[in-house]
Protein chains: 2
Amino acid sequence: MLSKSTYLNRRLTLKTKLGGGLLLFLGNEESGMNYRDNVYSFRQDSTFLYYFGIDQASLTAVIDLDNDQEILFGDELTIDDIVWTGPKEAISEKAAKVGVTEVKPASALGSLLKDALSKGQTVHFLPPYRGEHYLKLQEWLHINPAEATQKASVSFIKAVVSMRSYKTEEEVAEIEKAVDTSVDMHLSFMRETRAGMTEKEIAGKLQSIAIGQGGDISYPIILTVNGEILHTHARDLAIRDGQMALCDAGAETAMHYCGDLTRTIPVGNAFTTIQKEMYQIVLDAQEAAIAACKPGILFKDVHKLASTKLVEGMKQMGVVKGDVAEAIEHDVHTLFFQCGLGHMMGLDVHDMENLGEQYVGYTDDLIKGTAFGWKSLRLGRALEPGFVLTVEPGLYLIPTLIDRWKAENKLAQFINYEKLELFRDFTGIRIEDNLLITETGNRLLGKELVKSVADVEGLRG
Amino acid sequence: MLSKSTYLNRRLTLKTKLGGGLLLFLGNEESGMNYRDNVYSFRQDSTFLYYFGIDQASLTAVIDLDNDQEILFGDELTIDDIVWTGPKEAISEKAAKVGVTEVKPASALGSLLKDALSKGQTVHFLPPYRGEHYLKLQEWLHINPAEATQKASVSFIKAVVSMRSYKTEEEVAEIEKAVDTSVDMHLSFMRETRAGMTEKEIAGKLQSIAIGQGGDISYPIILTVNGEILHTHARDLAIRDGQMALCDAGAETAMHYCGDLTRTIPVGNAFTTIQKEMYQIVLDAQEAAIAACKPGILFKDVHKLASTKLVEGMKQMGVVKGDVAEAIEHDVHTLFFQCGLGHMMGLDVHDMENLGEQYVGYTDDLIKGTAFGWKSLRLGRALEPGFVLTVEPGLYLIPTLIDRWKAENKLAQFINYEKLELFRDFTGIRIEDNLLITETGNRLLGKELVKSVADVEGLRG
Ligand SMILES: [Mn+2]
Ligand SMILES: [Mn+2]
């Protein structure tokens, strides 16, 4: 939890951004796996954490702008509960620490909202993403679940995004803690990975580091020798010499700020020649992209810059031919680089993704693309001081995609399909770091984590 | 996945138990933590796994008894999806492996159920436990979420319980795999725990063992120096010499069969004298309880036997006085042993808990108790060959509860409250093993995990 004044100030600013009505903040519930009481690790809603800071299930907060009230709804433990849970800090004590003085039982919320609706107050809520959110919105506001997302308040969303996008010093410090733990996870991966281990075994080890440092993983770990598969889980598969292992893993702190790093290493002691060349292409693209990140530049253009570097590299490899700028205009890069260069990061690893990518990563004047490749770019808008984001180019050789393009002879003026066949089973490489946009440029967050070919191989000795 | 004939036979048996209507099996969805796509580790519904074996999100199955049909509903990956996920086995292929030949798109389910309702077919469903279950039942069957639990089909519940309660040889083999992994977790705990480590650090390590062996934890690990707090999470708290550490942790296999073991160890090399005496009381109670488990005995009576042993021990310690049998009739044991002696275990660690404890652990003629202590006993019914269950007595010195009883001078004829004060901060001990009821008695499952004072201290050397 941050200081009381932080939360008071955040809510004050939010209130000035929204003229009137009632703001509804749905805290998350415990979430049962295979029955109600066998729960996943609790994760509070990030916007709830941002304005109210209380990391506990079954809370709802209301800011009534028309009547200048802030109320937290939740049930205190009974003496019977305390026998099972041990003594715990009361909700009212936690509320006091974040400057909220009014705490009411959960059952009081329904009638408050009923009153508000009957008086014609607008009730603003954010887009739901858990089943329980839909059920609550239906019960309290009579919102049909099928319409809940479209009925979310755009002014509330925009106000939240306009605040959470700019990280304060204390937030950056907490994010750096998360990145530092993420670095420790990657150091373990880079030093201790050996042929014969399974992907799951390595992933489990990395998660234990995140938990051991007081938090948890900020997203499911991607740990794979098939880095070209972008949505994948660690498998019971022994990794082998000659392969590369890609690890995309990050920690979140106890306060739920996130880190998100990726490294790709040889399973053996050293990269093969071709792995080394391809790795260097990705690293050059990443370093060029990072160097370009500064206030005012469209991240969309940084994505294009990285894509250009990747295509230049693939031209060197003989796979792309013709004019590179023209190739980029034709989206040739999407054959190797199908996803986005990066995303905002904060209390969520894809920060505020639940609020809508158009609102978070774009603006009223800059609409998110719909073409293959571009539609996966979560962040396109001009960078500003205080933004924290990832830069994560990659080269992904996807047999299914190669076959499809080849069958269509797609963009054959730019692609040497015969040469491409040699890379069919190359798999994938990604390198990802986290950075803060400063007044003049940017700063890499967290402890250093090596990434040059020589340094990576140095850790594999 | 087990063999095709296993699933075919299970469904055949289920069908003979239910006369008519349509059986609806809700598979689970991916579950978002802080936004939709940042998902918890997927956990399929256990009853879905039992009859259909497919460990994949967003599936629903229907058995139409009136028209003799078995249909699986779910959407195959599109070619676009395969670019992101890599090639995967089709639902229809998985369905074939469990003997289901009819697979339809998810969108076809709504109209099928609408037809069924309009024809007056009874649609049987099981009690919901995730938000999504309520939303689906509402959308497809117009069930008000507030009424969904009470509208669940009792005949369907009883039929499922009458099958899942009896573990076959192949299920027992899979449970033993889970217990073996759980033993490995506990060996790590018992050998490697050292003063100065944090509870979270140790818990993280144990989870990595479960993941590394191809599955995951079967429930959130309890790892604490406050074993008397029954609902607790590992903390960022360094453990100290002189304390005891209690670890209640189990793995589930890739097929989702569970293990559930508890051991309590000294943080230092050896128990203190008083810890040793109290530990021995719990161990004696556990061994007496295990020896009593055989077909025909009410588990309720085994719970009473264990409670008697615990009270006898506390009498030796000078805390209980008077006639032990009489003390038990007055529930004196609930001052030290507030929870149940054990529970069924299988595809769920508390097996079938989502179907209702009355149906799983009791019978039409044996109703679950409501008094303090007894209401926490999940299993009371007569044991039968094929049941797999836990036996887990403990001694829990809960300051809040002690204060409350003392203030009321409750059962003062049996309790030496002055002496009890000496144990106020003793914390708690639990010892838990998993066993299979056989034709003649029972068999402990999994590799041996030591539990005598001497053997435990031997591992702490
Ligand atoms: Mn990322
Ligand atoms: Mn148990």
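A:Arg164 and A:Asp351 form a salt bridge, with their closest N and O atoms 3.0 Å apart; the term stands for a side-chain nitrogen of Lys or Arg within 4 Å of a carboxyl oxygen of Asp or Glu. This is a predicted model, in which local features need pLDDT of at least 70 and side-chain atom pairs count only at pLDDT 80 or more, while totals for chains, interfaces and linings use all residues. Residues are numbered from 1 along each chain as its sequence is written, chains are lettered from A and ligands numbered from 1 in the order in which they are written, and side-chain values use heavy atoms, with hydrogens and water left out.

**The two domains**
- Chain A splits into domain 1 (4-164) and domain 2 (169-460), with bounds from an automatic or database domain assignment.
- The C-alpha centres of these domains of chain A are 35 Å apart.

**Where they meet**
- In chain A, 19 residues of domain 1 are in contact with 19 residues of domain 2 (heavy atoms within 4.5 Å).
- Together the two domains of chain A bury about 1500 Å², 52% of it on carbon and sulfur atoms; buried area is the accessible area (1.4 Å probe) that two parts lose on being put together, summed over both.
- A:Arg43, A:Val161 and A:Arg164 supply 35% of the area that domain 1 of chain A buries against domain 2 of chain A, more than any other three residues.

**Charges and make-up**
- Five salt bridges are counted between domain 1 and domain 2 of chain A.
- On the side of domain 1 of chain A that touches domain 2, there are nine nonpolar, four polar and six charged residues (Ala, Val, Leu, Ile, Met, Phe, Trp, Tyr, Cys and Pro count as nonpolar, Asp, Glu, Lys and Arg as charged, and the others, Gly among them, as polar).
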